[in-house]
Amino acid sequence: MKREPGNKIEHALHELTAMDELAAGSSFVHSLNPGAKLAAAVLYILAVLSFHKYDLSGIIPMVIWPVLLFTLAGIPVRTCFYKLRIVLPLVMAVGLFNPFFDHTPMFRLGGFIVTGGVISMITLMLKGVFCLMSSFLLAATTPIDSICAALRKIHVPEMLVTLLLLTYRYVGVLTSELAVMTDAYHLRAPGQKGIHISAWGSFLGQLLLRSMDRAQSLYESMLLRGYDGRFHYAIRTKFAERDAVYLAVSAAFFLLVRYGNAAELVGRLFVR
Amino acid sequence: MIEFKNVSFEYENGKPVVQELSFQIEKGESVGLIGANGAGKSTVMKLLLGLVSGDGEILIDGMPMSRNNLADIRKKLGFVLQDSDDQMFMPTVYEDLIFGPVNYGMSREEADRKADEVLTKLNLTDLKHRHNHKLSGGEKKMAAIAVILAMEPETVLMDEPTASLDPYNRRIVINTIKDLKQTKIITSHDLDMIMDTCSRVILLSNGRIAADGPAEEILRDKALLEANHLELPLGIAKR
């Protein structure tokens, strides 16, 4: 049966809320201290971003870290790609024009000369994908409130952290309002694909107003139950020895891959 | 005790929503706040919760409401919102249950115990680890009531607690409200429910009190109700 647009939005909403279910798991990765996970994710992103634009062989082994942790967390890697399918093309489009500007010949592959533009495009794409994977890993193994609590602990300003929390909560509110509105629209515009351009202005305006009302109500509900910008209720796990080990091993791995040419080391195992 | 002394409120457009409202609600009372749309019911609730502030004085247990004691006052008041989706913002029922108590200084162990106690009392233990977005409307409403009771409020405020519920779930919610020992203030258009749960009714009209007295008396006064764009509760009209 063909899906109606409204249902698609509800489906997206369901996927969003399913992140909370993933984060509520009980694997080794889930049980790590949120601060340690946050620090490791930040270090990973910094390490990934620090690779030179032509260092394609160097960056590839960086994929091991998220894939290994996804496996340990019991979350299939394909779940990550499936959930990020809308964002991934945008991230991958970042280096799309590099081949047109950078014609530096790098090496010959069969009859083709591979240019620096192609290499840097692939490297940039991988950087984007890896960063998304590590962010998704953090979000899928740590409840949002614990991430916010960890951010506060490292003195990220309260305003920014509250903004992150409320954005996360309001995305659901916005999406559910959008689902109701698109359903109402399509019931009065049968057979029409999408929202007609003439209705975009009022549709978006209404969506904004309705979302603001809902958001206000939700925020008031939080205030009435004692929310004061702090995260007393976030699950706190003490920074234990294993968190230190996790962080140290992760950092060592990033350093090894970044400065030790892991691809060459692995290659030497097989070719003398 | 809750006391309103000449409380008035108007939004920015200058149109008064609540005008010189004065009433007292004693500890343990069950009060139904009724009135047509736009009569000022929701604004009275917002004033009481300190979400908006107007002229006049609002006293909660003798404490005049001000910015400084808002947290203390809100701790005493539990508000069940009309739309449970706005109230249940955490991923699971359990997390929502402990949100308020922990924010108000209860230890996690104590909050856990309180959550279990409330769920058992309301016969909702199977909801504890359920995800909020997977609850039915009736389950969500009951969970929203449980979330408020876990905060141990002295007064429970409810905005249209039976709205959008089927008859079966409506009855469950009504029975739950009747069993609550706290002071209750309920706004609703469901006058049968008000009749079932409240001993006193305050009828609002254009931001003023049109009547204040025993529920039995006001809810049987056809002329008064109709003059204020309401109707006799079905349970009475049928007799």
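Guide: Chain A is split into domain 1 (31-143 + 240-264) and domain 2 (144-234). This is a predicted model, where local features need pLDDT of at least 70, side-chain atom pairs count only at pLDDT 80 or more, and totals for chains, interfaces and linings use all residues. Residues are numbered from 1 along each chain as its sequence is written, chains are lettered from A and ligands numbered from 1 in the order in which they are written, and side-chain values use heavy atoms, with hydrogens and water left out.

Visitor: How do you know where the domain bounds lie?

Guide: The bounds come from an automatic or database domain assignment.

Visitor: What makes residues of domain 1 and domain 2 of chain A count as in contact?

Guide: They need heavy atoms within 4.5 Å. By that rule, 7 residues of domain 1 of chain A touch 7 residues of domain 2 of chain A.

Visitor: What is meant by the area buried between domain 1 and domain 2 of chain A?

Guide: Buried area is the accessible area (1.4 Å probe) that two parts lose on being put together, summed over both. Here that's about 500 Å², with carbon and sulfur atoms giving 79%. On the domain 1 side, A:Pro34, A:Leu38 and A:Pro143 supply 77% of the area buried against domain 2 of chain A.
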